[in-house]
Amino acid sequence: MDKRTRRAVLEAKKSARPELKSAEEWTRFQYHEEFDQHSFPRVPDNLERVDASKVTTEEFIEKYEKPGIPCVITNCLDHWQALKKWTPERLAKKYRNQKFKCGEDDEGYSVKMKMKYYVSYMQHTRDDSPLYIFDSSFADHPKRQRLLEDFDIPEYFRDDLFKHVGEKRRPPYRWFVVGPGRSGTGIHIDPLGTSAWNSLISGHKRWCMFPRITPKALVKPMIGEGGKQRDEAITWFTHVYPRTKSPDWPAQCRPIEILQGPKETVFVPGGWWHVVLNLDATVAITQNFCSTTNFPVVWHKTVRGRPKLSKKWYAALKEKRPDLCHIANTVDLSRPTDVQSDSSSSDSSSSSSSSSGSEGSCSTCDQCSDQSGNEKEPDKRQGPKEHDKRSKRRKTSQTGMTGDRSPPTRRAGITAIKKSHMTNGGDHLVNGSHVTGHPINGSHVTGPLINGSHLTGHMVCSTQSTARGTMER
């Protein structure tokens, strides 16, 4: 890699994975020495193939989508221009200076890299778990949105009910995915009970999928496994996968294993745990979706986890699909669904933490656990529908907090607190005024005057992410 590429990669690494403080920590386990990128014949594969040219949409829904059975679909993307245009070399040329998301920093900002730098990094990296492009905002950019011209949605998955709420309001649902061998997405469940499809353009992906009844504790890496890279896909296959072959592993939780090849599409029903490891350089597109089939579960989780979104969605359905409003009215929100939620998966992408889409679509800001927590990003600050959070938050830092639109006096108070370096308790003077309390992490702030204004109340990180960013940065 040349000097500019090395500098761009280093900056991205520092932002996306600050816990790995040196080059040695990125290659601590030396996985590149043992990782065989040509071991495809030895990878187990026990999942049925479905020929899209022979199975109708109605047959697919009855046999696979309604019972929630995963499958691999063939012959559904042979006409895609992406098969020709999405080679790493052509991507590096056509989208040379376009930046794609390859991670998130600790504050939830997108970490991006120019495609020309990323492709060079992908070809030379020896990292244990490399940076991974997992970009959901490409369609929002006038140049990058040309990727949309190179593929279309497979016929089985065109029933997309979230489209009725509008592109600006719907949760992130579509990801452009590029990564080298050893990158991937860690074990997770897709958000809001949605199902997903993942179409592979080039390369090979190794999947393990677990039934809905599988307990979270059974499939998650144990504390200490993988060190600082515990949530990475390669860590999972190194430590957890061998346990699935043990006689002690519950028979009803045995994994489905897949070796996904070029031009194959994996269907992931909602609620299934899955982990994906790239075996070589891969390019893929993945989407999460809500159809008429899984609408009751997705509606339940949306009302519980995203109540504001659910109201807008209901209003749109009332106009476009009134039959679904009747179904929504019959859903018993007091009872849990049979599709569990993963409260720890994320969509920030160094590699496997990029959970989103059918790999993890992952997904990026969907608060969807049955307890109204985040299913995909419990520790990331969320916007109403924001993929590239940096520009969004810079704007809100100038115009006021999102959500409650705090008045200027409160914003001035927060700025003053930042300048005073107030942390978790104690009495401090701010511009000559007295402030008492704990202004960080849900604590109470009270005081007479800050910059001539009275500040009182709770500033809770979960209530207002911008406040947290202002105080802690």
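Guide: A residue counts as buried when its relative accessible area is under 20%, as exposed when it is over 50%, and as partly exposed in between (1.4 Å probe, protein chains only). The structure above is a predicted model, in which local features need pLDDT of at least 70 and side-chain atom pairs count only at pLDDT 80 or more, while totals for chains, interfaces and linings use all residues. Residues are numbered from 1 along each chain as its sequence is written, and side-chain values use heavy atoms, with hydrogens and water left out.

Visitor: Why is strand 13 called largely enclosed by the rest of the structure?

Guide: Helices (H or I, at least four residues) and strands (E, at least two) are DSSP runs numbered from the N terminus, and strand 13 is the run of residues 282–289. Eight of its eight residues are buried, so strand 13 is described as largely enclosed by the rest of the structure.

Visitor: Which residues show how the faces of strand 13 are covered?

Guide: Thr 282, Ala 284, Thr 286 and Asn 288 are buried on one side, and Val 283, Ile 285, Gln 287 and Phe 289 are buried on the other, which leaves both faces covered.

Visitor: How do you know that strand 6 and strand 13 pair?

Guide: Two strands pair if DSSP finds at least two bridges between them; strand 6 (residues 174–179) is joined to strand 13 by six, and the two run antiparallel. In one of these bridges Trp 175 has Thr 286 of strand 13 as its partner. Strand 8 (residues 195–202) also pairs with strand 13 in the antiparallel sense, over seven bridges, and the partner of Trp 197 in strand 13 is Gln 287.

Visitor: What makes strand 7 and strand 10 edge strands?

Guide: They belong to an open sheet of four strands in the order 7-12-9-10, with antiparallel pairing, and strand 7 (184–188) and strand 10 (256–260) each pair on one side only. Neighbouring strands of this sheet are turned by 15° against each other on average, direction ignored. Strand 9 (residues 205–210) is joined to strand 10 by five antiparallel bridges, with Lys 205 partnered by Gln 260 and Arg 206 by Leu 259. Strand 9 also pairs antiparallel with strand 12 (residues 273–278) over six bridges, among them that of Met 209 with His 274.

Visitor: How do you know that strand 9 is mostly covered?

Guide: Six of the six residues of strand 9 are buried, with Lys 205, Trp 207 and Met 209 on one side and Arg 206, Cys 208 and Phe 210 on the other.

Visitor: Why are helix 12 and helix 13 called oblique to each other?

Guide: Two packed helices are described by the angle between their axes and the distance between the axes. The axes are lines fitted to C-alpha atoms, for helices over the stretch in contact, and the angles run from 0 to 180 degrees between N-to-C directions. For helix 12 (residues 307–320) and helix 13 (residues 322–330), the axes come within 6 Å and cross at roughly 135°. Angles under 35 degrees count as roughly parallel, over 145 as roughly antiparallel, 65 to 115 as roughly perpendicular and the rest as oblique, and helix 12 and helix 13 are therefore oblique to each other.

Visitor: Which residues of helix 11 and helix 13 meet?

Guide: Phe 295, Pro 296 and Trp 299 in helix 11 meet Leu 324, Ile 327 and Ala 328 in helix 13, where contact means heavy atoms within 4.5 Å. These two helices pack at an angle of about 65°, with their axes 10 Å apart.

Visitor: What makes Thr 302 buried?

Guide: Thr 302 lies in helix 11 (residues 295–305) and has a relative accessible area of 0%, so it counts as buried. Leaving aside residues up to four places away in sequence, Thr 302 touches Phe 162, Leu 192, Pro 307, Leu 309, Ser 310 and Trp 313.

Visitor: Why does Ala 12 count as buried?

Guide: Ala 12, in helix 1 (residues 3–16), has 3% relative accessibility and therefore counts as buried. With residues up to four places away in sequence not counted, Ala 12 touches Cys 102, Val 111, Met 113 and Leu 131. The C-alpha atoms of Ala 12 and Ser 110, which are 98 residues apart along the chain, are separated by 9.9 Å.
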